[in-house]
Amino acid sequence: MSELEERLTLHGRPARTLARLVDAPRTSLDERAWLRTPPRSSGEAGSVTLLGWADGNRGAIVDAPRVEHARRSWLLSVKGIGARAPLYGDSPIGFSHARELDVTSPRGERSLLGAITRESWMGEAPYGGQGLANAENALGLSIPALREALAPAMLCPVIAIVEIPPEDVLDVFYYRRHEGAIVQEHRLVPSTVRLFHQSSQALGRDVEGALAALGVRTLDALDGFLDAYLRSAMGLLTVAARSVRISEGGLLEALDYDDAWLDKDAFVASDGTLFFADLEALAYVVVPDQRALAERVKRQVERNAYEVLYAADALLRVEERWRARARDQVTRRKVLAERCALALGVDPRLRVERVSGGLDLHVQPRIGDRIVVRWLDDR
């Protein structure tokens, strides 16, 4: 696990839980809104502080005992605790009634770092917080039946939606006002290591450092780690095929990513399994017929294949260094093809087939005909 890089202090205020996952574990952190901003007074009733790791711009992973759930050990991530990035660059803030939550920058300017305001941010969310519609979508995608149907594509479940107390929201905005409840998601994540972006330690940026943080220190452990990574990552590339269903209106629909990328929206577990975390960006879309479904499946693979292969290549190069046995790229590509075939051996929805010119991925949707997508090229 990475060090507490920012000594982040979260202030917990008693709050109202708006919704909760049916099978969610109870934790000592329930019924609280966890915020970056300090208590308004040192003796404030209900004041509790925790240390954590910064997680993206508006989230944190709490440095607390792990949570046991669904046969795994998790950390609690809180999304919507106040933003780290300035609302509109380094410009000074003129809201006089916001001074209690202002932080002074090195140049003496005021900013709202750590605050939650009514400014509309990315359409459906307020600056620093989370919008209720997004949180409800994420909670709806966290139900056990769906998680089981998508396997080995793995999701980080949202276990609760907590209302941020009105007194902790600055009812101010610059240009566009967010309407509606302002909440945060309490979700479970397998580690503090993301695939590439949004965390201080990431598999794609510092592969050996990330492996050490996850406890992977031997060739045998690395071998199992790579298998789990490929199996789960390729599962995440094909969520449309795994989720396709007939809607209440009788139309085919399937899950697709909206403004989401595995490099910034996925965590890596200690066994190598890749988990998709930002569930608000998954939504059911209509696929009118088999041809449309095939196009959607191929688009999902193509859209995130590079990010999956980037980390796979980095892991293969670590293996080569640890074995003191370098490969050229042609050999490395052949090894990856063999590892993909091995990793997908237990996946009922995927298999690979060696063909002239490369390796094809055969995808079998829950409904409909098999779809073939080129995965690796020989030349």
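Mentor: This is a predicted model, in which local features need pLDDT of at least 70, side-chain atom pairs count only at pLDDT 80 or more, and totals for chains, interfaces and linings use all residues. Residues are numbered from 1 along each chain as its sequence is written, and side-chain values use heavy atoms, without hydrogens and water.

Trainee: How do the residues of the lining of the largest pocket divide?

Mentor: On a 1 Å grid over the protein atoms alone, a pocket is an open set of points where a 1.4 Å probe fits, with protein on both sides within 12 Å along at least five of seven lines; lining residues have an atom within 4 Å of a point. Here the lining comprises 6 nonpolar (Ala, Val, Leu, Ile, Met, Phe, Trp, Tyr, Cys and Pro), 12 charged (Asp, Glu, Lys and Arg) and 6 polar residues (the others, Gly among them).

Trainee: What is the volume of this largest pocket?

Mentor: A volume is the space filled by probe spheres set on the grid points, which are joined across faces, edges and corners. For the largest pocket, the volume is about 620 Å³. Its lining has 24 residues, and those closest to the centre are Arg-58, Lys-79, Met-122, Lys-264 and Glu-280.

Trainee: How are two packed helices described?

Mentor: One gives the angle between their axes and the distance between the axes. Axes are lines fitted to C-alpha atoms over the stretch in contact (heavy atoms within 4.5 Å), and angles run from 0 to 180 degrees between N-to-C directions. Helices are DSSP runs (H or I, at least four residues), numbered from the N terminus. Helix H7 (residues 290–323) packs against helix H8 (residues 329–343) at about 110 degrees, with axes 11 Å apart. H7 and H8 are therefore roughly perpendicular (65 to 115 degrees). Among the contacting residues are Leu-309 and Leu-316 of H7 and Val-335 of H8.

Methods
Helix = DSSP H or I, 4+ residues; strand = E, 2+ residues; numbered from the N terminus. Parallel < 35°, antiparallel > 145°, perpendicular 65-115°, else oblique.
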